[in-house]
Amino acid sequence: MRRCLAALAAVTLLSLTACATDEPGGGPGGGSTSAAGSGTGEQSKFFVQADYDAELALLGATPTGPADKPWEQMLNPTMVDTTKFRKAGPHKLCFSNAALNNPWRQVGFKTMQAEVEAQGSRISEFVHVDAEGKDQKQIADINDLLGKGCDALIVSPNTTATLTPAVEAACKAGLPVVVFDRGVSTKCPVTFVNPIGGYGFGHVGAEFVSQKMKPGGKVLALRILPGVDVLETRWSAAKVAFDKAKVDVVGVEFTDGDPAKTKKIVDDYLQRYGTIDGVWMDAGAVAVAAVEAFQDAGKPVPPINGEDQLDFLKVWKDKGLTAIAPTYPTYQWRTPVIAALRILDGQQVANPWKLPQPTITQDNLDRYLDPGMPPLHYAMCGCTDLPGYPQRWK
C-alpha cells in the first residue's frame, strides 16, 4: 500500500491508531508485537495453514485470461452462476471505499474511475463513498447505499471483522456484492477479488531477506497496522519464513505509514544493536524512509523489501540496493467494475477471483522504472490503456 504525491508522503498508509507501547519490552520504537530480541512471537489469529499453502502454490500457477490484461486474468478459478442477478442496463454501480488516505489507494481509485469511464454507456452512474479509514462511517455508508437504488455494490472494507455484518446486510438486501482488496468473514458476496494475497506477499519478501542476509542475523520487521486480513497474513507468512530460517527478529514495529516515525524506529534500533542485517516490510509506502534512515546513520542498507512504488524502485536502482518488491497490484481496482458488470449480465465469474501478483526483482527492475510518473505512483497500475493516461495519475 503506497501513497501518491510528495505532499502526501507524511500521510499515514491507513488511518488508524497503532498498538503502541512505551514499556521496556515494547522495543525502542514502541508498538512492537514482541519483546526486542525474542523473535517473531505468537502466530496471528488470522493464520490459516490451508490458505497459506494454497497461496504459496498460486505463486507458481499459470493464469487464464487475456495475456495482456492481468486485471482480467484468474488463477485456478472456480466459476459461480450469476443468472439471478441479470438485469438490463445501463447500470448504477455503488462503491463503498475504506479510504483514500494513501498513495496506493489514490492510484487505485484513479484507475477504477478510468475503468468506469472506459465502460462508456454501460454505466449510467457511479457512486463513490469514502469511509475515511473509519469502520463506523463505512458501516453507515453501506447502510445508506442500500437505499440509493444501486444495481451492484462494490466494497473495499476498512477492517475485516467489523465490516462483515454490514456486507452481510447488503447481501440480504438482494444486492450483488463484490468485495475486493481486503476481505470480510462471510461467503455471501458474489465474488471476492484480490491478487494472490498477503501470504504470497509476505513469503516472497521474507524469504528473499532471509536468504540475502547472514545466517542468524538481526531482522527488523516494519508493519503498518493490525487487524486487516491482507496485512496480518503478510506478517503470518513472514513469521513462518523467519522461523524456518532461524534469523533473529529483534523487533516488530508499527509505523502508521509515517516516514518520520519509520526513520525514528530504524534509528533507535541501529543505536541499540549497532547493525541491522535485514528489513522486512508488510507494505512499501515507507520503504524509502527506512533506506534513508540507514544512510543518515552512515550504515549500509541491508537486504530489504519494498513494493512497486516508483520512489523505492528509483532508490533501489540508483543506490544499488539488495532488494525485492513483492506487489499488491493497483490494477486490481479495475477488476471489481468488470466483475460487477459481468454479474449484472448474468455471466459466470470466479469466486474467489484471484489475480496474478507479479514480483519485481533485480532482473526485471528496469522494466518498471518510469521517470515520467510521480515518485508515489505504482508501477503495477495497469492503467496505460485507460482514458486520461498519464495525466490522470500525475
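Guide: A pocket is an open set of grid points where a probe fits, with protein on both sides within 12 Å along at least five of seven lines. The model discussed here is predicted.

Visitor: How much space lies in the largest pocket?

Guide: The largest pocket holds about 1,200 Å³ of space. Its lining comprises 46 residues, and those closest to the centre are Asp51, Glu55, Val184, Phe192 and Asp229.

Visitor: Which element gives the most to the lining of the largest pocket?

Guide: Helix α6 does, with 5 residues. At least two lining residues come from each of α1 (49–58), α4 (160–172), β6 (191–195), α5 (198–212) and α6 (229–245). Sorted by class, the lining has 21 polar, 15 nonpolar and 10 charged residues.

Visitor: Which residues of α2 and α10 meet?

Guide: Met112, Glu115 and Val116 of α2 meet Pro336, Val337 and Ile338 of α10. The residues of this contact divide into 5 nonpolar, 1 charged and no polar.

Visitor: Is glutamine 309 buried or exposed?

Guide: A residue counts as buried under 20% relative accessible area. Glutamine 309 has a relative accessible area of 0%, and it is therefore buried. This residue is found in the loop between β10 (304–305) and α9 (310–319).

Visitor: What joins the side chains of glutamine 309 and tyrosine 378?

Guide: The two side chains are joined by a polar contact of 2.4 Å.

How values were computed. Residues are numbered from 1 along each chain as its sequence is written. This is a predicted model: local features need pLDDT of at least 70, side-chain atom pairs count only at pLDDT 80 or more; totals for chains, interfaces and linings use all residues. Side-chain values use heavy atoms; hydrogens and water are left out. On a 1 Å grid over the protein atoms alone, a cavity is a set of points where a 1.4 Å probe fits but cannot get out, and a pocket is an open set with protein on both sides within 12 Å along at least five of seven lines; lining residues have an atom within 4 Å of a point. Grid points are joined across faces, edges and corners, and a volume is the space filled by probe spheres set on the points. Helices (H or I, at least four residues) and strands (E, at least two) are DSSP runs, numbered from the N terminus. Ala, Val, Leu, Ile, Met, Phe, Trp, Tyr, Cys and Pro count as nonpolar, Asp, Glu, Lys and Arg as charged, and the others, Gly among them, as polar. Contact means heavy atoms within 4.5 Å. Buried means under 20% relative accessible area, exposed over 50%, partly exposed in between (1.4 Å probe, protein chains only). A polar contact is a pair of N or O atoms within 3.5 Å; within protein, one must be able to donate a hydrogen and the other to accept it, and residues adjacent in sequence count only if both atoms are side-chain atoms.
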